[in-house]
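Please look over the sequence and the three-dimensional structure shown below before reading on.

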Amino acid sequence: MAKKRKPPSIKGDPRIHDPHFKGPIVNRSCTDVLCCMIFILFIIAYILLGLVAWVNGDPRRVAYPTDSQGYFCGQKGTPNENKPILFYFNLLSCTSPSVVVNLQCPTRQICVSKCPERFLTYMEIQFRYRKDRNYWTYYSQFCKSAHLKPAKTLTQVLLDDDCPTAIFPSKPYLQRCFPDFSTKNGTLTVGNKTVFEDGSGKTRNAVELRAAANGINKVLDARAIGVKVFEDYATTWYWILIGLTIAMLLSWMFVILLRFTAGFLFWLFTFGVIGIIAYGIWHCYREYSSLQEQPDSHLTVYHIGIQTDISMYFQLKQTWFAFMIILCILEVFIILMLIFLRDRIRISIALLKEGSKAIGYIPTTLIYPVLTFIFLSICISYWAVIAVYLATSGVPIYKVTAPEGQCKYENKTCNPEIFNTTEIAKACPGAQCHFAFYGGKSLYHQYITTFQIFNLFIFLWLINFVIALGQCALAGAFASYYWALKKPDDIPPYPLFTAFGRAIRYHTGSLAFGSLILAVVQMFRLILEYLDKRLKEAQNNISKFLKCCLRCCFWCLEKAVKFLNRNAYVMIAIYGKNFCRSARDAFNLLMRNILKVAVMDRVTDFVLILGKILVAGCIGVLAFLLFTERLPMITEGPTSLNYYWVPLMTVIIGSYLIAHGFFSVYAMCIETIFICFLEDLERNDGSAERPYYMSQSLLKILNEQNAQTKKQ
């Protein structure tokens, strides 16, 4: 009989006052009330922000293109109702540096009913207008006013910005007129021409026009690809649904079979790694031996120095010798770990099996990820809607744009109605006053950026809160299973529903507290990434090094906070204490069993990752054989796919996400059972007064029998 240990005495611990502790505490009180109140106030403020953004924003500004006067193209009830396409007077000016600064092309933009279909210049129209006025009728629809006549000189037209100097064949894309590019014999053409007149006396080619068009839109070729992708989805949508359904069934079967095959899968993976490393050692030795027989085998790293071509180092025998030594050390380390930690590994495998039993007794836990998905979808949708409404709040703001980018007034606000009479127009010939964005000078408009940051922060807080709520509810359900002395008879009814209600009623503040800490860390990471994107060109080697260090530190901090939070939620679900107390208890408990934690965590990760890869890989192989028509004897796949990899990747990624949803429940189950297992070992001694609550399999592995087991 194993030696009995005296359980530690902790003042105020419900486990000590109740020697027959049988599961999560029922009589609880609200925890972290202050944080709960702050969380509720932030949610109310978030709702008010949504209402204010809804009143001031206009999402039509995203759906419809806007001309130089700030009016929508194609909007019903406006003069542009029958003009849904945006037309650029001089698309060649879109190569100006101001496009990058203002995100607007420095040329007039008007709404038209259709794009031009031919090459014409304003000078040609003036010449042909005397013989046939139909030419002007066609050309004038691309002018600011169709009632004008081609009486002005080219210089006057450029100054007044009434008409384009030239038009060329175009097609609508994203409700904008873009050149009709094509390739003939490997040469880029527009309207079957490689060169054309730009209307101001210069000859331009299709390559220049393409560069200008890319200044506005870098995805001109995406239209054809998008249509083909849509066709592929329309052809294979039912096959995709079948594949995802099979992935769900496979995930379910894997969770069930893992109860019986956890040990086999672990040892298969472990010996597979040992075999791969052994092959690596043999390969390094073979390369080392072959290089030693060559005449230049005496060369070392010192002789070749620092080389940018890495393949040079693989021609040195010292390189392969170093690899061989490293792999040998790794191989010996793994083997020694397996030998000395075989009992710990057996415990981890038993926990995997125990997790499968718990999920089998509480099958509703496998449905909970659907509820989490719904909550997350609501949060993401609300955040996206508010972001759009905030971005489209305000009145049209106009700014000065200069084609040459050399005007000192460039990017200054202006009034288009009186712009030609101001000093700016005189000081900067060719400068124009065009619509830039929607904004304003009110207090609300001045803090749009702040509101966007607030929107993002609350979004992160809510996302982490939803995940925390799910972890706490699942932990409460699985803890009810563990602390049932006779399984499954002593498991309380509706354990998941009860745990979810307790988490909402008593521990909203604690969950909000942990979510807040994680949201702050994630916010700092996002700010760091944003600054990196904005200042990428201005960075030197030192700043890049510091950036990498900060990025690594925040990544590690986020992982550590997630780990501590998850274990704190388990303690909250069991004992009902506040977040800080639960996090401290969980941390101390894990530190007292750090070796068991390390082994259990790694074994669990290995098996679960293997399960995800198995599910996604099996479905991916079947989908590949189907979409490439390599299963004719079983079934015929779709024969008219443009890109078979589109539905294939959809099925693989979808299968992985489905498997991840199932195994996230499994991972939380293992985490909870492991915490309860450690608590059971520390608080009980296997006697009749304080029996172990662990299952028979864990008792067998530990070689400890409690008094009740002996009687049975």
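## The largest pocket

The helix α22 gives 13 residues to the lining of the largest pocket, the largest share of that lining. The model is a predicted one, in which local features need pLDDT of at least 70 and side-chain atom pairs count only at pLDDT 80 or more, while totals for chains, interfaces and linings use all residues. Residues are numbered from 1 along each chain as its sequence is written, and side-chain values use heavy atoms, with hydrogens and water left out.

A pocket is an open set of points on a 1 Å grid over the protein atoms alone, where a 1.4 Å probe fits and protein lies on both sides within 12 Å along at least five of seven lines, and its lining residues have an atom within 4 Å of a point. Of the 47 residues that line the largest pocket, those nearest its centre are Ile 467, His 660, Gly 661, Ser 664 and Val 665. Elements giving two or more residues to this lining include α9 (222–292), α16 (448–482) and α22 (645–683).

The table sorts the lining by class.

| Class | Lining of the largest pocket |
|---|---|
| Nonpolar | 27 residues |
| Polar | 13 residues |

In α16, 27 of the 35 residues are buried, so that the helix is mostly covered, where buried means under 20% relative accessible area with a 1.4 Å probe and protein chains only. Because its 35 residues should span 51 Å at 1.5 Å a residue, the 51 Å between the end C-alpha atoms of α16 agrees with expectation. Across the chain of 712 residues, 45% count as buried.

Conventions
Buried < 20%, exposed > 50% of the residue type's maximum accessible area, 1.4 Å probe, protein only. Helix = DSSP H or I, 4+ residues; strand = E, 2+ residues; numbered from the N terminus. Nonpolar A, V, L, I, M, F, W, Y, C, P; charged D, E, K, R; others polar. Expected span 1.5 Å × (residues − 1).
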